Amino acid sequence: MSKPLRPLSDQAGRGTQLSERVAARVREAIMLGDLTPLEFVRTERLAAELGVSQTPVREALMALSSEGSVKWEPRRGFRVVPVTAQDIHDLFDVQAYAAGELAARAVANLTDADIEALDEFQRELVSAEERGDADEVVRLNHQFHRRINNTARSVRLANLLRSTVQHVPLSSYGSIDGWAQASVHDHMPILKALHAHDPEAARAAMSRHIRNTGDQLVAHLRREIGLK
């Protein structure tokens, strides 16, 4: 039996099309097992739970069908496609490559101001993790990675990375065992490599960090929903 989805907040995702916000919520619900694998997703029910009309829900389901998260069956509707551990590892392997390459490219462009900003983000992130402020950890983690990705000056590669990150259940960041701690511990080798202006070390440290978060998500979902 699937779980009811949380209503969409008026504030969350402002500036993003409503159908994209619906797709993000449904995509996350599929990843976390809140929508049961092989279940038929009812437009009316989703619209009621999310507090939106049926039109953006239908648009979202069409988009999710094109990416393989749900499957359209004529005269029956959209069925949830099961997520496997291999799917998640594949997703994070792609992210690890892109994020690692961006970190390596960023080295050549880093300024003293960039280094100072990254150090400050990390100090604040450690403090937020220690006091259990999951929302602040999420915000600072995003700022840390965004600064590195923007400094790489590789717009298309950064956009490719963003297109894969949208499949990661970031709004549940604080409930995924080990994710907040990974942001504290895994960032230190990345910072060390950036301080040393060592692109190969930056690439390796960032790739390890991303794969580690993927491993933790798989372990979490195996415990919570019996992910295969």
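Reader: Let's start with two helices: at roughly what angle do the axes of α5 and α9 cross?

Author: Keep in mind that this is a predicted model. Helix α5 covers residues 112–130 and helix α9 covers residues 187–195. Their axes come within 11 Å of each other, and the crossing angle is roughly 165°.

Reader: OK, so are α5 and α9 roughly parallel or roughly antiparallel to each other?

Author: Take the crossing angle of roughly 165° and hold it against the cut-off: angles over 145 degrees count as roughly antiparallel. The crossing is also left-handed, as α5 passes α9. With that angle, α5 and α9 are therefore roughly antiparallel.

Reader: Now another pair: at roughly what angle do the axes of α4 and α10 cross?

Author: Two packed helices are described by the angle between their axes and the distance between the axes, so let's give both. Helix α4 takes in residues 85–107, and helix α10 takes in residues 199–225. Their axes come within 7 Å, and they cross at roughly 160°.

Reader: Is α4 roughly parallel or roughly antiparallel to α10?

Author: The angle is roughly 160°, and anything over 145 degrees goes into the antiparallel group. That makes the relation of α4 to α10 roughly antiparallel.

Reader: Is the crossing of α4 and α10 left-handed or right-handed, and how many nonpolar residues does their contact have?

Author: The crossing of α4 and α10 is right-handed. Sorted by class, the contact of α4 with α10 has six charged residues and six polar ones. The nonpolar residues in that contact number 15.

Reader: How far does α10 reach from its first C-alpha to its last?

Author: Helix α10 has 27 residues. At 1.5 Å a residue, 39 Å would be expected. The reach from the first C-alpha to the last is close to that, at 39 Å.

Reader: What happens at the start of α10, and which backbone nitrogen does Asp198 reach to?

Author: Look at the side chain of Asp198, at the start of α10. One of its oxygens comes to within 3.2 Å of a backbone nitrogen. That nitrogen belongs to Glu200.

Reader: And which residue just after α10 takes a positive phi?

Author: Follow the chain just past the end of α10. The phi there is about 70°, and the residue is Gly226.

Reader: Is Arg79 buried or exposed?

Author: Arg79 sits in strand β3, residues 77–80. Its relative accessible area is 19%, and the cut-off for buried is under 20%. So Arg79 counts as buried.

Reader: Which backbone oxygen does the side chain of Arg79 reach?

Author: The distance to that oxygen is 2.7 Å.

Reader: What is the phi of Leu38?

Author: Most residues other than glycine have a negative phi. Leu38 has a positive one, though. Its relative accessibility is 48%, so Leu38 counts as partly exposed. The phi of Leu38 is near 75°.

Reader: What about Arg75: is it buried or exposed?

Author: Arg75 is in the loop between β2 (70–73) and β3. Arg75 has a positive phi too, near 70°. The relative accessibility is 82%, and the exposed class begins over 50%. So Arg75 is exposed.

Reader: What distance separates the C-alpha atoms of Ser172 and Leu32?

Author: Ser172 is in the loop between α7 (155–165) and α8 (179–185). With a relative accessible area of 12%, Ser172 is buried. Along the chain, Ser172 and Leu32 are 140 residues apart.

Reader: What separates the C-alpha atoms of Asp135 and Arg222?

Author: Asp135 is in helix α6, residues 134–151, and is exposed at 65% relative accessible area. Asp135 and Arg222 are 87 residues apart along the chain. The distance between their C-alpha atoms is 24 Å.

Reader: And what separates the C-alpha atoms of Arg147 and Asp114?

Author: Arg147 is found in helix α6, and at 28% relative accessible area Arg147 is partly exposed. Arg147 and Asp114 are 33 residues apart along the chain. Their C-alpha atoms are separated by 7.4 Å.

Conventions:
Residues are numbered from 1 along each chain as its sequence is written. This is a predicted model: local features need pLDDT of at least 70, side-chain atom pairs count only at pLDDT 80 or more; totals for chains, interfaces and linings use all residues. Side-chain values use heavy atoms; hydrogens and water are left out. Axes are lines fitted to C-alpha atoms, for helices over the stretch in contact, and angles run from 0 to 180 degrees between N-to-C directions. Helices (H or I, at least four residues) and strands (E, at least two) are DSSP runs, numbered from the N terminus. Angles under 35 degrees count as roughly parallel, over 145 as roughly antiparallel, 65 to 115 as roughly perpendicular and the rest as oblique. A crossing is left-handed if the near helix is turned anticlockwise from the far one by less than a right angle, and right-handed if clockwise. Ala, Val, Leu, Ile, Met, Phe, Trp, Tyr, Cys and Pro count as nonpolar, Asp, Glu, Lys and Arg as charged, and the others, Gly among them, as polar. The expected span of a helix is 1.5 Å times one less than its number of residues. A polar contact is a pair of N or O atoms within 3.5 Å; within protein, one must be able to donate a hydrogen and the other to accept it, and residues adjacent in sequence count only if both atoms are side-chain atoms. Buried means under 20% relative accessible area, exposed over 50%, partly exposed in between (1.4 Å probe, protein chains only).
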